[in-house]
Amino acid sequence: MTAMDARRRFLLFLAGALLSGPGFAAAPPKKKAPAPKPETKTRVVIQVSDSDSKRWNLALTTAKTLQSEYGEEKIDVAIVALGAGINMLKDDADVSNRVQSAIARKIFIIACHSSMSALNVTEDNLGRNVFVVPSGAAEIVKRQRDGWIYLRP
Amino acid sequence: MTAMDARRRFLLFLAGALLSGPGFAAAPPKKKAPAPKPETKTRVVIQVSDSDSKRWNLALTTAKTLQSEYGEEKIDVAIVALGAGINMLKDDADVSNRVQSAIARKIFIIACHSSMSALNVTEDNLGRNVFVVPSGAAEIVKRQRDGWIYLRP
Amino acid sequence: MTAMDARRRFLLFLAGALLSGPGFAAAPPKKKAPAPKPETKTRVVIQVSDSDSKRWNLALTTAKTLQSEYGEEKIDVAIVALGAGINMLKDDADVSNRVQSAIARKIFIIACHSSMSALNVTEDNLGRNVFVVPSGAAEIVKRQRDGWIYLRP
């Protein structure tokens, strides 16, 4: 074995030791744990932008089904109403009972203020515990950037 | 050259060899390949939730166009039907031929069982080789979490 | 100290030096900076695939609202028209003024050529400064893969 060979073998051993990490038993260099996944909880933002009670019912059913499939504590669901979808959240809408029952199950129900103004809907016209945000579209974009998954039933 | 200098130079050489990897020609230390990008294959999940054959045709055309644009082996396309979209997958739907031809081109066609029950549609009413999942919405959410891109034509 | 101990200590020192990087003061191995976050600018791609001027107006309002909420220089907004949505971009569409005013505000307006062919719409029929892409769906998929957020009003 030449000196060169010896050095090469040593380097290879060393490379192996350093790169394999855990195999370097005596005192493994502290390896940074892999960054935790950004979220484990599934989060879904559902958009309603139609003036159509079939669509409203589908959105509410979708929210409910997701909660059942995942388990209430493993998923966050938000429904954002904008455009003509705002009418879904009025306290005299034909789905108002379902909306309230969704809120009782901790589904976030969110109204777009900008659409409310366009449709002359005030906060007084909305069912109880409906959140109001300045822009429903901006809210959906923000939530998507935060990792929420978008559904548009 | 002092002993200290020599050691420093050796360390630097070593650091270079280890870090640059491929430059260490004689017998490159096995470097873990950089983690592959989560997917290189493009994957698209298309939702159909309308009872409207124009929409069904648009969904099928979209799937076909994506396959042509990307090349069949470079893209996975799934169409998930839920709500009234289920009717698209019945074996007597007016797009049933197009659905079967999509399946022949390896597009996944998936029906929401929960919507099927609501609409009194059984598996016997569906075209051949249509997959059935408990919840279409949960399926779309799951696929999005796995990196599938969402389209809602 | 045995020869083995000495070698182990040397390896540990070396491992520390290489792994800790910045602590190796004399000539720190160049550490790659952590990859910058893919984008700080928010980018939103809005799909229009309906033949319905209410929907067209909602898409245009959504684009405008997002620009106001974020500030024009902090957000890129693209509207992609496909399917029957193409009619929105014709120079005689009832929203053509709003489309041109969106373009003036640097909103990208994009037409799907494949849908244009299907509807016998030529580039001459489109308003000024509308981009044309081979496939609107492929364009939306590509932008989503590049980090654009998808909205389907």
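This is a predicted model: local features need pLDDT of at least 70, side-chain atom pairs count only at pLDDT 80 or more; totals for chains, interfaces and linings use all residues.
Arg43(B) stands opposite Asp76(B) in β2(B).

Strand β1 of chain B covers residues 42-48, and strand β2 of chain B covers residues 75-81. The two run parallel and are joined by 7 bridges. They belong to an open sheet of 5 strands in chain B. The order is β4-β3-β2-β1-β5, and the pairing is parallel. At the edges are β4 (131-133) and β5 (149-151) of chain B, each of which pairs on one side only. Neighbouring strands of this sheet are turned by 30° against each other on average, direction ignored.

**Helices across the sheet**

Two helices of chain B lie across strands of chain B, as listed here.

| Helix | Residues | Strands it lies across | Angle to β2(B) |
|---|---|---|---|
| α2(B) | 53-70 | β1, β2 and β5 of chain B | about 170° |
| α5(B) | 136-145 | β1, β2, β3 (108-112), β4 and β5 of chain B | about 155° |

**A helix pair in chain A**

In chain A, helix α2 (residues 53-70) packs with helix α3 (residues 96-104). The angle is about 20°, and the axes are 11 Å apart. Angles under 35 degrees count as roughly parallel, so α2(A) and α3(A) are roughly parallel to each other. Their crossing is left-handed.

Which residues make the contact? From α2(A) come Asn57(A), Leu60(A) and Thr61(A). From α3(A) come Arg98(A), Val99(A) and Ala102(A). By class, the contact of α2(A) with α3(A) has 3 nonpolar, 2 polar and 1 charged residues.

Notes: Residues are numbered from 1 along each chain as its sequence is written. Chains are lettered from A and ligands numbered from 1 in the order in which they are written. Side-chain values use heavy atoms; hydrogens and water are left out. Two strands pair if DSSP finds at least two bridges between them. Helices (H or I, at least four residues) and strands (E, at least two) are DSSP runs, numbered from the N terminus. Axes are lines fitted to C-alpha atoms, for helices over the stretch in contact, and angles run from 0 to 180 degrees between N-to-C directions. Contact means heavy atoms within 4.5 Å. Angles under 35 degrees count as roughly parallel, over 145 as roughly antiparallel, 65 to 115 as roughly perpendicular and the rest as oblique. A crossing is left-handed if the near helix is turned anticlockwise from the far one by less than a right angle, and right-handed if clockwise. Ala, Val, Leu, Ile, Met, Phe, Trp, Tyr, Cys and Pro count as nonpolar, Asp, Glu, Lys and Arg as charged, and the others, Gly among them, as polar.
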